[in-house]
Amino acid sequence: MEKNVEINDMLLLLDNYSVESRSLHESLKQAGYDCPAAVIEDDGFLPDDCLTAYGFFLGDFKKERGEAARPRYFNEITAPDYWEISGDNKSGKVQDLDRDRGKIFYAEPAHRRLVKAVDWYDERGIVRFSDHYNRYGGLYARTAFDAKGKRVNKSYFSAAGREVIVENYITGDIILNEAEEVKFFRSKTDFVLYFLERAGFQKSRIFFNSLSTPFFVSQRLDPQAKRDVLFWQEPEREDIPGNMQVILNGKASRAARIMVQKRKSYEKLIALGARKDMVHRLGFIYSFERENGHKPEALICTNSDQIEHLERIVKALPEMNFHIAALTEMSSKLTGMGLYVNVNLYPNVKMKVLEELFKKCDYYLDINHQSEIVSAVRRAFLNHQLIFAFQETVHNRDFIAGEHIYSSDHAGQMISDIRNIMADANLLERHLRSQKEAAMAEDVNIYRKMCM
């Protein structure tokens, strides 16, 4: 492997740490780039190798909280005496007798019930402020709302509980109390520029994935050879965004290349006339857990008993063993499926058992209605499971080949295709390659070449 790029030579500047942001960060690291990530909007649960523009000034929560430095469980939030705190695997709530007083939001994965934020209601049921907790259990921020439920400002607190930053959502300005000095910034861009200076990144090459604040920051840094790169991760749209046109017209001060990380978005941009010498298609480097073992074992993860054509599929494919896992109890409708010899049910599944199922099964059926659990489609993809879905149930198209997504009216075609693939190892491998191509899985060398 080539020598890694020095840490101060490059910075990945992100609006937030979305799934796509994480995939880009991990891809760059796997390609050999010693590239730190700076995240502007901190959700309190960022990994260790991410800096945050706000958190940089708040101090060390882990050190300050000591042995108590862990996420808060839903029933560990502070509430007035005699108010009841309850929760399920989706969210929690706080009640005063029969009146809702607060709603608890969990960090992902939600079934662990770890507190990320708590909305507090007034007497009319309007949200008046939100408490934000981090992965060390510390209250690091509080958002205030007006009488109509509109955001007014957000205060950020140090690990010791001192108010350090106040962001005014009405005027857009930010006040920073740093040591004995008070600094005033007229915009988020100004604040992030100061953060980069204090963190030593003001001369770094910038990789960014947003045409909002990260792009504005790139525009404001000292002009240099046009080496900053936009990684575009948004869905396709009917026009070319104005700020992207600035780059394409050669008027950006530092950015001259755009890496598009969704296939349809790339195709649409080219169809709209984007310059091919500046716009390139580049997916992600994925860390696959294992190879597909060609076994007739299929996994379904569900949050309900609404599983499209389940009984029909089970009966039509007796040679396939189906493993159905849920984080909660199962209804009588679903437990009734246990009468079929090729169906295995896992109500209240333990995470260790679920992990074993992802490794054991070589097919994944994304055919459950309602919400996805445990990022199942992505995990199935990383375990080289061949994924099938219905148009009406699909949860994450990024990891599923288009030919593996069917209308529910064509369940028979899905069944026929699965049967044919099960009988032909070469056909299975061909479909797995199509799946990887649909997800734009990239090679390390491609990443090094494109990001130089």
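Trainee: Among contacts between residues at least 6 apart in sequence, what percentage join residues at least 24 apart?
Mentor: In the protein chain that's 57%, with contact meaning heavy atoms within 4.5 Å. Keep in mind that this is a predicted model, where local features need pLDDT of at least 70, side-chain atom pairs count only at pLDDT 80 or more, and totals for chains, interfaces and linings use all residues. Residues are numbered from 1 along each chain as its sequence is written, and side-chain values use heavy atoms, with hydrogens and water left out.

Trainee: OK, and how many helices and strands are there?
Mentor: The protein chain has 13 helices and 23 strands. Those are DSSP runs numbered from the N terminus: H or I over at least four residues for helices, E over at least two for strands.

Trainee: What's the strand order in the open sheet of 7 strands?
Mentor: S3-S2-S1-S14-S15-S16-S17, with parallel pairing. Two strands pair if DSSP finds at least two bridges between them.

Trainee: Which ones are the edge strands?
Mentor: Strand S3 (50-52) and strand S17 (279-281), each pairing on one side only. S3 is joined to strand S2 (residues 37-39) by 3 bridges, and there alanine 38 stands opposite leucine 51.

Trainee: Switching topic: which residues make the contact between H1 and H13?
Mentor: H1 brings Leu24, Ser27, Leu28 and Gln30, while H13 brings Val444, Tyr447 and Cys451.

Trainee: How do the axes of H1 and H13 cross?
Mentor: At roughly 95 degrees, coming within 9 Å. Axes are lines fitted to C-alpha atoms, for helices over the stretch in contact, and angles run from 0 to 180 degrees between N-to-C directions. H1 and H13 are therefore roughly perpendicular, a label covering 65 to 115 degrees.

Trainee: And strand S7, how many of its 7 residues are buried?
Mentor: 5 of them, so S7 (residues 115-121) is largely enclosed by the rest of the structure. Buried means under 20% relative accessible area, with a 1.4 Å probe and protein chains only.

Trainee: Which way does S7 run against S6?
Mentor: Antiparallel, over 5 bridges with strand S6 (residues 99-106).

Note on methods
Parallel < 35°, antiparallel > 145°, perpendicular 65-115°, else oblique. Buried < 20%, exposed > 50% of the residue type's maximum accessible area, 1.4 Å probe, protein only.
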